[in-house]
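Colleague: Could you take a close look at one part of this model for me? I'd like to hear about the surfaces that one chain uses to meet its partners.

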Amino acid sequence: MNALRGFILKEAHHILRDRQTLTILLLLPLAQVLLFGFALRTDVQNVRVAVVDAAPDYATRELRGRFDGTTVFEVVTTVPTSAALPPLFERGAIDQALVFGPRFAERLANGDAAELLVVTDATDPNTGSAMQAYATGVVQEYERELSLGRATGTRILPQVRMRFNPTLESVNLFIPGLIALVLTLVSALMSAISLSREKERGTLEVLLVSPLRPWQIIVGKVLPYLVLGVINVVTVLLAAWLVFDVPFRGSTALLFAECLLFIVTSLALGVLVAAVTSSQRTAMVGSLIALLLPTTLLSGMIFPIASMPAWLQPVSNIVPGKWFILIARGIMLKGVGLEHLWRETLVLAAITTLVLVIAVRRFDIRLESS
Amino acid sequence: MNRPENVSGPAPPRELRLAQIQPAIEVRSLTRRFDDFTAVDAISFDVQAGEVFGFLGANGAGKTTAIRMLIGLLAPTSGEARVAGHDVRMEADRIRRRIGYMSQRFSLYEDLTARENIRLYAGIYGLSDAAIRERTETLLNRLRLDSHGDTLVRSLPLGWRQKLAFSVAMVHEPEIVFLDEPTGGVDPITRRQFWEMIYEAAQNGTTILVTTHYMDEAEYCDRVSIMVEGRIAALGTPAELKAEFGASTIEDVFVQLARPTAEIAAGMAAGSAGTPTSRTMPSG
Amino acid sequence: MTATDACATPLDRDDPAVLVAGLVKRFGGTVALDGVSFSVRPGELFGLLGPDGGGKTTLFRILTTLLLPDDGSARVLGLDTSTDLWAIRSRVGYMPGRFSLYPDLSVAENLDFFASVFGTSVEAEYDLIAPIYQQIEPFRDRRAGALSGGMKQKLALSCALVHRPDILFLDEPTTGVDAVSRREFWDLLAGLRAGGLTIAVSTPYMDEADRCDRVALIQKGRILAVDTPAGIVDRHPLPILRVATPDRYRSIQLLRSYPHAHSVYPFGESLHYTDARGDVDPAALASELRAYLDRQGVLQPEVEPIRAGIEDCFMALMDDPSLEPE
């Protein structure tokens, strides 16, 4: 244990001495949240809407008016049948279409489900989902007002093609993904770099010719980065909460436990990358390509998995970030607990164990591979 | 670029004839300070054309700073130096054209072949395509590297790499070649072959300035200077210095000069090392 | 420093501290070690002399369990380097060829760290490392990366010693170190050796052979000779002369064309000449050569018979494979 303590102390020194890197690592999560929150936010404006209204009534007119009244939407045309829509979409004349079902006002008044189809141009899935979210928001707002002072709630059944975002804010969806991104960057990349630095400097050679076992070297190397990872999670969550008012519906303790699990996943991935590369440079490029890219692109963080080609969708299953994002979104946005997330948690834990086992086994106790 | 006929033709260029009249390197009270630290403290010496001059000193004695001033990479704080007849302050560009530089570590691109390295450097110094082709083949031939011209430098033995590096530094027929710790780590025979290449170049009028902290390399030079803490503490032929300091090797001379700075070590000579614990070896 | 001092060692003198037999190591197509055999006695300061690329580092890495041999066997402290690695790792001290400490940690932090790795502390082992560590202790708070080459090596040596190893492997500890520090370093090793520690050192500098009890000359993965420095020098088979002339370059060419010349090499300020006739009287040979150079117009040639040095022997052994011992 003395050996391990000495190792962790030494590693902490490395991290604390390298002020530049440490500053970057600490500020990076904050910068990411702000960047994604403000700049990369996929909120949209000037959405051109076509309305398909076979039999206009007061409710359809009211809704149309509400769409037109926002700064976001502009109703550019009203057509009698949805057959007119495809050419409009294809020409790029409209971004979105509202297709009212038959007897819309009547059904509303009776308390029946009134049908409304919202069709969105999802050429860019991000904008698409944002447009969709805004449209649903307008509809819901109207629905809410109608039901005020009534015994029976009115129901509009918006059929949408895109993901459901209950709060209208794209930043909410991004936060779980951001945690995954930051942890991949800090925990995986940094542990990979710091371990391969020992290889490159030749210090690993001395460590190998000592009674230290591989697991001791690995644990000693990554434990300080675990702490750093926790700090990063706290930073992201605090910033999300304070700056963007992102809701925390579920258990904070569960969220942190899951984050901890994902930090371990990332560290294990970092160790694996370091084990199979021989220099800091290849470890860095390796982490970027093998870890960061999938986490960004295949996890569902930015591009909805549902909108990926069918053959690519199964691939996303091996991206740990995907499972973490599902879990974190569940806890934060839906407020659900482990009873709904145990499957995802189990998958993540299984991936982590597998990676850890491979990483420790690939960690050469000699210099044969280099 | 402006003297292609000089670099390819056998006749000594005009500059070289001039250089034989005046010293190849003239240094007068050359000084360089970094803030309040004086790295090079008013050094003066001459190096004659065709001389093999050893520029010795421990790490941090000021060798590198002095050399950087001589090749125009660093401006002197005061003093003067002329290299190949040009002022280091005003005519650094001209100087760099007339000198060659070889460092043990950085001279060649290891991921290029021998031939590509020669072409690269010949091209950098503005040789014509025809001259480059001809020079490359003669050079490979002389180094007996003909069959390895297309071998990556990194797969050549260290000794060949060093000889190749020296030839590459000479590819534009410079008047002065700076060699930075040229022969470390090679086997004794290759090392001597390398020195013979240097002697041959010197015989043909090239001035060689060898910087090193390996004192046994110094013995191969015509004259050596030893820098200690920014000053030239000794200057002369190896034989003169050995006689002056009553030493049998240049290394002994150096140790005498540098010893005062390593005073902390004095307590050590008694050799009062501790005894390792009594662990017995397993038998068998 | 004398042989009797070594008797202080508790190690059984009959068991070699290192026993290497028929060691072969290949990397892809290159043969790094080509059937290396030798042994190191307990308490001995053993030198492995050879140029870069000769196989020194590979050999040390096999002995320190970092590499597996492709053929042959290596035993350290009686333990097999392939199978008993954990037992060996807790008992050897190793200093790799490159500076292998943490440049961003201070002198004291580096030493503390390596002590903790071996489950000990600097305080507990202070008596052993004191002679070395005291020289750098004034700089204990300085970052290791900011030390001079000589001080770095002393720190690395302290770190390699801090767990009281039974044997020390030092891979080129004096490469890149200035002459003064080089001597100091060898003085430190002599002190440790006097304390009974077995030490194996590799070096490319032939002149360091004299600091060792015995040396192995290694070149291209083969051992050229193993003996005491004096024993190696005695083996030089040919008469050898030192020639000093004002015109080195021309004299080299002239001597090479002398009919009986075996080899002519520059040797510092002078030249070393060996004669192909092994039985010729050195003094007679000297006057013969002096006369030859005189005839060729070389001014005042100085020619004298000398005793071969380690470097002469190394070259002779490199030159002529038939001179290989055993």
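Predicted model: local features only at pLDDT ≥ 70, side-chain atom pairs only at ≥ 80, totals over all residues.

Modeller: Let's start with the face towards chain B. Here 57 residues of chain C are in contact with 51 residues of chain B, and the two chains bury about 4,600 Å² between them, with 59% of that on carbon and sulfur atoms. On the chain C side, C:Arg183, C:Tyr249 and C:Glu269 lose the most area to chain B, and together they make up 15% of what that side buries.

As for charges, eight salt bridges are counted between chain C and chain B. One of them joins the side chains of B:Glu251 and C:Arg182, at 2.6 Å from N to O. There are also 12 residue pairs in polar contact between these chains, both partners at pLDDT 80 or more. The elements of chain C that put two or more residues into this face are α4 (126-136), α6 (179-194), α8 (248-256), β12 (261-267) and α10 (310-319). The largest share, eight residues, comes from α6(C). Sorted by class, this face has 29 nonpolar, 10 polar and 18 charged residues.

Now for the cysteine. B:Cys221 sits in the loop between α9 (215-218) and β9 (223-228) of chain B. It counts as buried because its relative accessibility is 2%, and the cut-off is under 20%. Leaving out residues up to four places away in sequence, B:Cys221 touches B:Val52, B:Phe53, B:Gly54, B:Trp195, B:Val210, B:Pro238 and, from across the chain boundary, C:Arg248. B:Thr237 is 16 residues from B:Cys221 in sequence, with the two C-alpha atoms 7.7 Å apart.

Then there's the face towards chain A. This contact takes 34 residues from chain C and 28 from chain A. The buried area is about 2,900 Å², and carbon and sulfur atoms give 58% of it. C:Leu66, C:Trp86 and C:Tyr102 supply 23% of the area that chain C buries here, more than any other three residues.

Three salt bridges cross between chain C and chain A. Among them is the one between A:Glu205 and C:Arg61, whose closest N and O atoms are 3.0 Å apart. The polar contacts come to 15 residue pairs, again with both at pLDDT 80 or more. Chain C gives two or more residues from each of α2 (85-89), β6 (92-95) and α3 (107-117), and α3(C) gives the most, with five. By class, this side of chain C divides into 17 nonpolar, 10 polar and seven charged residues.

Key: Residues numbered from 1 in each chain as written. Chains lettered and ligands numbered in written order. Heavy atoms only, no water. Contact = heavy atoms within 4.5 Å. Buried area = accessible area lost by both parts, 1.4 Å probe. Salt bridge = Lys/Arg side-chain N within 4 Å of Asp/Glu carboxyl O. Polar contact = N/O pair within 3.5 Å; in protein donor to acceptor, adjacent residues only side chain to side chain. Helix = DSSP H or I, 4+ residues; strand = E, 2+ residues; numbered from the N terminus. Nonpolar A, V, L, I, M, F, W, Y, C, P; charged D, E, K, R; others polar. Buried < 20%, exposed > 50% of the residue type's maximum accessible area, 1.4 Å probe, protein only.
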